[in-house]
Amino acid sequence: MWTPEQWIHSESDLLAAIPNYQRKRIEVLLKSEESPKAAARAWITFDGHIAPFGGSQPGNFEKFWVNLLSELRGLLCDENKYQAERNEILSKVGAGNATFSGAVAYVLAPHLSMAAVVLTPLVTIVLILVIRAGKKTVCEALASITSD
Amino acid sequence: MGDILGIEHKILPLGRRVGDRELRLLGTCFAVARQKVATCFHVCGNDDSELYVPLRVQSIDGYQDPFPSEGYSAVKARMVAAEPSVDIAILQLDELEFTYTDDIGGTDDLKVGNPVIMFGFPHSTEGRMVLTRHDVQVGAKTWLRQRDPRAKGVVLNMLARPGQSGSPIYDGRSSSIKGVVVGAYANAGAGLMTVAGVDPVTLHQTTNAVSAEYIKDMI
């Protein structure tokens, strides 16, 4: 049965599930930035007055954030969408082959044109926002977050 | 630095396939484990689809063909570790193995004035594929992020060019990799104007490299 609440217990559990090298820096950002969204923006951005020598053009964070919340809400809460993806998450997490946030990032990555290894910490941060929203269910929390 | 024999097998360009045949080069990557390379996160961007490493290995001591149009293959690369806040990504190459990789160090024991050696592919974003060595000096040590968590880095006294992002910086006294080139210092005017494809704001000898120590936890 699909009940996302079973995997979203505590911030420390969510953070423990991402690689150590990412977790260390994200923990600092969650403490120092004004909000989890600001922490996500600070993590994905390499600031420091640098003009990069090559590579890809950076995207628009605000647009990405809206898309991420929308896709995550659709995956976790919309019964009419993402049935195959939910089954894949149940299978991976049930078999112990992935963490919940990792499995969510894996199935959403193609929809957001982002590598799963980049998306996982951002999904984790949104799930931390869900916990901090203090609602009875994950879907109520996501509804309140996306309406902000 | 010791023997650089075989450097052309460990430092490679990185590109993204566009359409059926075109490989658009993005920057430089270098071997850090048996089947892994490191580069700057901004070289790949958020999306690791269609990333390839061309295998057009030309001896650095020979005359290199700057614009090879055919006669080489490319292996697919996928992102297996990413830390945008220090601008480093690790890519897995399932179809290639490196028999030897260099020691990964960091910038802590570098001092201002120390000689360092950079290997990379300047102008590769224009399709030019020439592995080039630059012998430079450390001009300063600096924090590359304004706020916590910070990122250690150094300033190199050279004018680096597009395509050199992701280039490894070797200690001039050993063969240890100390840093990764990330880009030029740029003030708020960066990106507002280009002249013949060049941003004038980047025309100076203040090139930044992030400490390579962050790679160790990622491989």
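Trainee: Why is the pair Arg147(B) and Glu33(A) called a salt bridge?

Mentor: A salt bridge is a side-chain nitrogen of Lys or Arg within 4 Å of a carboxyl oxygen of Asp or Glu. The closest N and O atoms of Arg147(B) and Glu33(A) are 3.0 Å apart, so the pair meets that definition. This is a predicted model, in which local features need pLDDT of at least 70 and side-chain atom pairs count only at pLDDT 80 or more, while totals for chains, interfaces and linings use all residues. Residues are numbered from 1 along each chain as its sequence is written, chains are lettered from A and ligands numbered from 1 in the order in which they are written, and side-chain values use heavy atoms, with hydrogens and water left out.

Trainee: What makes this pair a link that joins two chains?

Mentor: Glu33(A) lies in the loop between α2 (20-32) and α3 (36-44) of chain A, and Arg147(B) in the loop between β8 (132-143) and β9 of chain B, so the pair joins two chains. Here helices (H or I, at least four residues) and strands (E, at least two) are DSSP runs, numbered from the N terminus.

Trainee: How many salt bridges does the rule find across the interface of chain B and chain A?

Mentor: The rule finds two there, and the count over all chains comes to 17.

Trainee: Why is Glu33(A) called buried?

Mentor: Buried means under 20% relative accessible area, exposed over 50%, and partly exposed in between (1.4 Å probe, protein chains only). Glu33(A) has a relative accessible area of 12%, and therefore counts as buried.

Trainee: Which parts does the salt bridge of Asp109(B) and Lys178(B) tie together?

Mentor: The side chains of Asp109(B) and Lys178(B) meet at 2.9 Å, N to O. Asp109(B) lies in the loop between β6 (88-92) and β7 (115-120) of chain B and Lys178(B) in strand β11 of chain B, so the pair ties together parts that are 69 residues apart in sequence.

Trainee: Are these two residues buried or exposed, or partly exposed?

Mentor: Lys178(B), at 5% relative accessibility, counts as buried. Asp109(B), at 44%, counts as partly exposed.

Trainee: How do you know that Gln164(B) is buried?

Mentor: Its relative accessible area is 1%, so Gln164(B) is buried. Gln164(B) is found in the loop between β9 (152-156) and β10 (168-171) of chain B.
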